[in-house]
Amino acid sequence: MADVSRMMRRAFDERARTIGVTRPQWQVLSVLKRHEGINQGGLAEHLDVEPITLCRMVDRLQEADLIERRKDPNDRRVWRLFLTEKAKELSAQLKPLGQQVLSDSMQGLSEADRDVLFESLSCIRKNLVRRHQDRGLDTTAS
């Protein structure tokens, strides 16, 4: 699974580079698109990176006019992150690139095989998420 994931990321990177986006940038934009308004700590957790690493990435994306920081109305110490119109347009360009990588990688698999693959991966993901959440509950109880 790790090899396939790495190879798919590499294939996407090659295509994304043609429009001037790096892997860390598209990862941040992709997660932020699904969780717009999230704070930097939450985004760092989703990306599995240290908050200081993410802060530098967000700084660069803000300088490139791809991310906007807005003060949290309930906590002035917190910044909420939002995509700019420029980022939304870029995201629209990235989506077909991702779909093409997925389509290319699935060649030779029947529709039924694809369904089984996606169902299996979804089950694995749910199990891992549940395990992570259970561990989190256990650590707070002790």
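Which residues of helix H3 (residues 40-47) are buried? They are Gln-40, Gly-42, Leu-43, Ala-44 and Leu-47, where buried means under 20% relative accessible area, exposed means over 50% and partly exposed lies in between, with a 1.4 Å probe and protein chains only. The legends below describe a predicted model, in which local features need pLDDT of at least 70 and side-chain atom pairs count only at pLDDT 80 or more, while totals for chains, interfaces and linings use all residues. Residues are numbered from 1 along each chain as its sequence is written, and side-chain values use heavy atoms, with hydrogens and water left out.

**View 1. Helix H3 and its surroundings.** The buried residues of H3 pack against H2, helix H4 (51-63), E1 and strand E2 (75-83); helices (H or I, at least four residues) and strands (E, at least two) are DSSP runs, numbered from the N terminus. At the start of H3, a side-chain oxygen of Asn-39 comes to within 3.1 Å of the backbone nitrogen of Gly-41. Just after H3, Asp-48 has a positive phi of about 60°.

View 2. Arg-6 and Asp-3 are separated by about one helical turn, because they are three residues apart in helix H1 (residues 2-17). Asp-13 forms a salt bridge with Arg-23, and here the closest N and O atoms are 2.5 Å apart. Asp-13 lies in helix H1 and Arg-23 in helix H2 (residues 23-34), so this pair ties together parts that are 10 residues apart in sequence. Asp-13 is buried, at a relative accessible area of 8%, whereas Arg-23 is partly exposed at 30%.

View 3. Glu-68 forms a salt bridge with Arg-70, the closest N and O atoms lying 3.1 Å apart. Glu-68 is partly exposed at 32% relative accessibility, and Arg-70 is also partly exposed, at 36%. Asp-72 is found in strand E1 (residues 67-72) and counts as buried because its relative accessibility is 9%. The side chain of Asp-72 reaches the backbone nitrogen of Asp-75 at 3.2 Å. Leaving aside residues up to four places away in sequence, Asp-72 touches Val-78 and Arg-80, contact meaning heavy atoms within 4.5 Å.

Methods. Polar contact = N/O pair within 3.5 Å; in protein donor to acceptor, adjacent residues only side chain to side chain. Salt bridge = Lys/Arg side-chain N within 4 Å of Asp/Glu carboxyl O.
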